[in-house]
Amino acid sequence: MQLIVDDGSIIDTLLMEDYIEAITTPVQANTPSGPADLCGGYSGYTYTTNTVANATTYTWAIDPASAGTVTANGTSATVDIDPAYSGNLDVKVRADNQCGNGLWSQAFAATVFSTPAQYWISDGAAYCAGTQGVEVTLDGSEQGVDYELILDGAGTGNIMAGTGDLLNFGYRTDEGIYTITGYTGYCEAVMYGNAYIHEIDIPGAAAAPEGDDLVCPGEESAYTSSGAAGASQYVWSLTPAEAGTITGNSTEAVVLWSDTYEGPASIHVYGTNDCGDGPVSDALEINVNTSPQPVIEGDDLVCENTAGYVYSSEDHAQASYNWLVDGGTITSGQGTHQITVTWGDMGTAYVNLSEVSAADCEGIAAEFVVNVDDCVGIEEQFMSNISLYPNPAGETLNIEFYSRQSAQLSVQVLNRLGQMVMSNSEYIAAGNNNISLNTSSLNNGYYTIKLMTGDGVVVQEKFIIIK
């Protein structure tokens with residue numbers, strides 16, 4: 001191309017060679033090449049054509065369009081087949097540029113074959129040594145499709161023709177993961193799922209239980225076993241059954257010991273699985289210790305704001321004692337079997353005790369009730385030389401005393417809990433007096449006789465009834 005510029009006096013010329021290129025519409029592309037036998041639902045089939053002069057782009061198409069999708073990439077294309085399609089398929093290509101579109105190539109004819117439908121293989125399982133194994137089935141099949149049983153990715157040679165119904169590949173004993181592949185002369189598909197089949201034996205002997213071998217009634221104890229080879233669950237037992245309740249189906253168990261049982265016991269365990277029960281373990285021998293049964297002894301009728309009252313329980317070697325007093329103060333002996341108490345103001349007070357034995361078993365005594373009285377001192381004002389006889393008493397108790405003056409006297413008998421079990425009123429004269437009480441209705445035990453005047457002064461004495 002040449003450009004000439006002339007202004008009447010000066011002429012300038014610009015020559016540019018090969019500046020304009022003359023092109024034509026691309027010629028027809030060659031027939032594509034690629035696979036002729038296709039499978040429904042498969043992806044990634046590649047087709048190619050030759051390079052066409054002057055072509056800048058290539059357009060690809062499949063016929064029918066419902067057969068799948070085509071993705072162009074220059075002189076090659078990728079075809080993905082619709083799973084529902086089967087039949088004939090044409091693939092063609094066209095070369096294009098800015099001058100226009102070339103002619104469509106001759107079609108490449110392919111055939112889409114049906115891919116086998118996918119059915120479910122049965123679940124795998126363990127089977128017991130010496131049995132027929134585990135049955136492998138496929139829950140459906142198609143006529144015209146062959147199905148092969150695959151073990152760990154390798155064909156077994158066990159091939160069955162589809163019937164349109166369930167297929168049974170029989171019982172299998174070789175250990176591994178089973179799958180099934182269905183195939184025609186052109187297409188194949190792996191069926192859904194897999195079956196892991198393996199052999200198991202009856203469990204081996206369980207290891208002996210481990211845990212506390214010295215326990216207390218009423219407490220809870222945990223026990224373990226390192227297990228048994230091949231066991232899926234465990235069965236625990238406690239002997240004798242009255243010793244407590246044992247729970248657990250793994251390598252751990254818990255025993256709730258009976259409140260009333262004391263003495264020897266033993267625990268066993270064995271493993272179990274679908275093939276049966278394994279041997280019972282060696283026993284863990286256990287001693288259920290005796291729990292303390294403390295009983296509080298001492299005065300249950302006392303004077304207010306008075307020191308020196310002693311309360312005790314039976315002394316056991318290496319035992320520890322914890323006392324609680326409500327209404328008074330422990331002045332000595334805490335931690336031992338005997339304490340000394342200073343009582344406070346008049347009213348109802350309480351003594352409590354828990355004892356822990358050398359084996360760390362705890363026992364709690366029944367609450368001991370104490371009546372704290374004002375104890376004004378009738379003995380100094382009215383009485384002296386008080387005598388109770390016989391003591392221990394039987395059917396009758398006599399009370400002898402000397403009174404400095406006449407008075408109306410109330411006589412009460414209290415049991416160990418401070419409860420009044422007998423009462424009457426007597427008029428006494430100045431001088432020697434004798435009051436006789438009929439105690440035939442009273443049970444054996446400790447009692448307190450309480451003598452009170454009308455103006456509230458009191459004197460107390462203790463006695464025992466043994467019949």
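Biologist: Which residue stands opposite Thr78 in strand 7?

Modeller: Happy to start there, with the reminder that this is a predicted model. Strand 4 and strand 7 pair in the antiparallel sense, over 4 bridges. Opposite Thr78 of strand 7 stands Thr46.

Biologist: In what order do the strands of that open sheet come?

Modeller: The sheet is open and its pairing is antiparallel. Its edges are strand 4 and strand 6 (68–73), each of which pairs on one side only. From one strand to the next the twist averages 25°. With 3 strands in the sheet, the order is 4-7-6.

Biologist: Which residues have the most contacts inside the largest nonpolar core?

Modeller: That core has 22 residues. At least two of its residues come from each of strand 3 (37–39), strand 4 (45–48), strand 5 (57–63), strand 7 (76–81), strand 8 (87–97) and strand 10 (108–113). The residues with the most contacts inside the core are Leu38, Tyr45, Tyr47, Trp60, Ile81 and Leu89.

Biologist: Which strand gives the most to this core?

Modeller: Several strands supply at least two residues each, including strand 5 and strand 10. The one that gives the most, with 4 residues, is strand 8.

Biologist: Is Asn97 buried or exposed?

Modeller: Look for Asn97 in strand 8. Its relative accessible area is 8%, and the cut-off for buried is under 20%. Asn97 is therefore buried.

Biologist: Which backbone atoms lie 2.9 Å and 2.8 Å from a polar atom of the Asn97 side chain?

Modeller: Leaving aside neighbours within four places in sequence, Asn97 is in contact with several residues, among them Ile23, Pro26, Asn54 and Thr56. At 2.9 Å from a polar atom of its side chain is the backbone oxygen of Asn54. At 2.8 Å is the backbone nitrogen of Cys99.

Biologist: Is Cys99 buried, partly exposed or exposed?

Modeller: Its relative accessibility is 42%. Buried would need under 20% and exposed over 50%. Cys99 therefore counts as partly exposed.

Biologist: How many residues apart in sequence are the parts that Cys39 and Cys187 tie together?

Modeller: A search of the whole structure finds 3 disulfides, and one of them joins Cys39 to Cys187. Both of these cysteines are buried. Because Cys39 lies in strand 3 and Cys187 in the loop between strand 16 (176–183) and strand 17 (188–190), the parts they tie together are apart in sequence by 148 residues.

Biologist: Where do Cys128 and Cys275 lie?

Modeller: A disulfide joins Cys128 to Cys275, with an S to S distance of 1.9 Å, and both residues are buried. The link is left-handed, with -105° about the S-S bond. Cys128 lies in strand 11 (residues 126–128), and Cys275 in the loop between strand 25 (263–273) and strand 26 (276–277).

Biologist: Is the disulfide of Cys216 and Cys361 left-handed or right-handed?

Modeller: The sulfur atoms of Cys216 and Cys361 are 1.9 Å apart, and both residues are buried. The pair links distant parts of the chain, 145 residues apart. The torsion about its S-S bond is about -95°, so the disulfide is left-handed.

Biologist: Which residues make up the covered face of strand 22?

Modeller: In a regular strand, side chains alternate between the two faces of the sheet. Strand 22 (residues 233–239) has an uncovered face made of Gln233, Val235, Ser237 and Thr239. Its covered face is Tyr234, Trp236 and Leu238.

Biologist: And which residue in strand 25 is the bridge partner of Tyr234?

Modeller: Strand 22 and strand 25 run antiparallel and are joined by 7 bridges. Tyr234 belongs to the covered face of strand 22. Its bridge partner in strand 25 is Gly271.

Conventions: Residues numbered from 1 in each chain as written. Predicted model: local features only at pLDDT ≥ 70, side-chain atom pairs only at ≥ 80, totals over all residues. Heavy atoms only, no water. Core = buried A, V, L, I, M, F, W, Y, C linked by side-chain atoms within 4.5 Å. Buried < 20%, exposed > 50% of the residue type's maximum accessible area, 1.4 Å probe, protein only. Polar contact = N/O pair within 3.5 Å; in protein donor to acceptor, adjacent residues only side chain to side chain. Contact = heavy atoms within 4.5 Å. Disulfide = S-S within 2.5 Å. Pairing = 2+ DSSP bridges. Axes fitted to C-alpha atoms, helices over the stretch in contact; angles between N-to-C directions.
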